Amino acid sequence: MFNNQKFLTCGVMAEIPSWLIHLMWHMVLTMVVEEKDYLQVFTLTKTPACQPIVHEQEQPPYRYELEVECPDAVDAKVFVIDDRTYSTMLLADEY
């Protein structure tokens with residue numbers, strides 16, 4: 001799963017820094033789980049010094065938390081969806 005053509009929505013391109021987009025794709029591709037859910041969820045919260053990231057999937061349960069120092073942190077919920085033909089990264093409010 002997620003080893004296919006990848007797309008970004010206009011909202012992701014406008015609101016999420018490119019380094020963070022690449023990091024989220026990397027986090028999905030390198031997950032160590034028995035099975036990846038078709039829906040990956042990233043919760044991004046903004047702090048003055050860093051970008052906290054919570055990566056989750058529902059089935060099987062998975063949760064990974066990471067903090068990255070950066071000057072351009074954002075608040076957003078991002079979905080990455082795989083429909084077996086292509087994968088799309090979109091903001092939750094674009095769903």
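In this short talk I will go through the fold of one protein, starting with its overall build and then turning to its sheet. Please keep in mind throughout that what we are looking at is a predicted model.

Let me begin with the elements, of which the protein has two helices and six strands, and if you follow the chain from the N terminus on, they run in the order β-α-α-β-β-β-β-β. As for the dimensions, the C-alpha atoms fill a box of roughly 35 × 25 × 20 Å along the principal axes. The radius of gyration is 13 Å, which agrees with the value near 12 Å that a compact globule of 95 residues would have. Of those 95 residues, 45% count as buried, and among the contacts between residues at least 6 apart in sequence, 56% join residues at least 24 apart.

Now to the sheet, which is open and is formed by six strands in the order E1-E6-E5-E2-E3-E4, with mixed pairing. At its edges are strand E1, residues 5-8, and strand E4, residues 62-69, each of which pairs on one side only, and the twist from one strand to the next averages 15°.

In general, strands of a sheet pair through backbone hydrogen bonds, either parallel or antiparallel. Here, strand E3, residues 50-57, pairs with E4 in the antiparallel sense over eight bridges, and you can look for His-55, whose bridge partner in E4 is Tyr-64.

Finally, what packs on this sheet? Helix H2, residues 18-29, does so, touching E1, E2, E3, E4, E5 and E6, and its direction makes about 35° with that of E3.

How values were computed
Residues numbered from 1 in each chain as written. Predicted model: local features only at pLDDT ≥ 70, side-chain atom pairs only at ≥ 80, totals over all residues. Heavy atoms only, no water. Pairing = 2+ DSSP bridges. Helix = DSSP H or I, 4+ residues; strand = E, 2+ residues; numbered from the N terminus. Axes fitted to C-alpha atoms, helices over the stretch in contact; angles between N-to-C directions. Contact = heavy atoms within 4.5 Å. Rg over C-alpha atoms; globule rule 2.2 N^0.38 Å. Buried < 20%, exposed > 50% of the residue type's maximum accessible area, 1.4 Å probe, protein only.
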